[in-house]
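Good morning, everyone. Please take a look at the sequence and the model on the screen. I'll start with a term we need.

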Amino acid sequence: MRFVDKNINPKQLSPLNLAFIGDCIYELLVRETLVCNANRPVNDLHRESVKFVSAKAQTAAFEKIKDVLTQEELSQFRRARNAKPGHSPKSATSAEYHTATGLEAVFGWLYLNEENERIRELFKMISD
């Protein structure tokens, strides 16, 4: 499901644009999962979500799914991982930051291609 009714070809977007939208999609998945698991104060939910959306956590998430990614998904991951973001990470190593960017690009790619079942499948592997 897409929210904006506008045709876009994800192949024409930069890998950092894919990571930009993928960051949001990934965080939405984390937040929805947390809310569905327990009705808790928002501060608790935020504190818990940070454990999943940090570069370090996203690097661990990538390790869980890297062997099941398609060639196209791996291609999008590599493009974003190798992109120059224009700033340095504060709370992660450069390698973790680049891996997290690659993971976000995969989710952005899948979202813009409306591959919702694949998004769910990969996120389930990550969150189990």
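Contact means heavy atoms within 4.5 Å. Helices are DSSP runs of H or I with at least four residues, and strands are runs of E with at least two, numbered from the N terminus.

Some background. This is a predicted model, where local features need pLDDT of at least 70, side-chain atom pairs count only at pLDDT 80 or more, and totals for chains, interfaces and linings use all residues. Residues are numbered from 1 along each chain as its sequence is written, and side-chain values use heavy atoms, with hydrogens and water left out.

Now, helix 5. Two packed helices are described by the angle between their axes and the distance between the axes. Axes are lines fitted to C-alpha atoms, for helices over the stretch in contact, and angles run from 0 to 180 degrees between N-to-C directions.

Take helix 1 first. Helix 1 and helix 5 pack at about 85°, with axes 6 Å apart. They are therefore roughly perpendicular to each other. The cut-offs: under 35 degrees is roughly parallel, over 145 roughly antiparallel, 65 to 115 roughly perpendicular, and the rest oblique.

Who meets whom? On helix 1, the residues include Leu18, Ile25 and Tyr26; on helix 5, they include Leu103, Phe107 and Trp109. By class, this contact has 14 nonpolar, 3 polar and 2 charged residues. Nonpolar means Ala, Val, Leu, Ile, Met, Phe, Trp, Tyr, Cys and Pro; charged means Asp, Glu, Lys and Arg; the others, Gly among them, are polar.

Next, rings. Rings of Phe, Tyr and Trp (its six-membered ring) pair if their centres lie within 6.5 Å; planes under 30 degrees apart are stacked, over 60 edge-to-face, and the rest tilted. The count comes to 3 aromatic pairs. In one of them, tyrosine 26 and phenylalanine 107 have ring centres 5.3 Å apart and planes at 75°, so the pair is edge-to-face. Tyrosine 26 sits in helix 1 (residues 15-37) and phenylalanine 107 in helix 5, 81 residues apart.

Now helix 3. Helix 3 (residues 55-65) and helix 5 (residues 94-112) pack at about 60°, with axes 8 Å apart. These two are therefore oblique to each other. Their contact has 7 nonpolar, 3 polar and 3 charged residues.

Last stop: histidine 98, in helix 5. Which residues does histidine 98 contact, leaving aside neighbours within four places in sequence? Arg81, Ala83 and Pro85. The backbone oxygen of arginine 81 lies 2.9 Å from a polar atom of the histidine 98 side chain.

How values were computed:
Polar contact = N/O pair within 3.5 Å; in protein donor to acceptor, adjacent residues only side chain to side chain.
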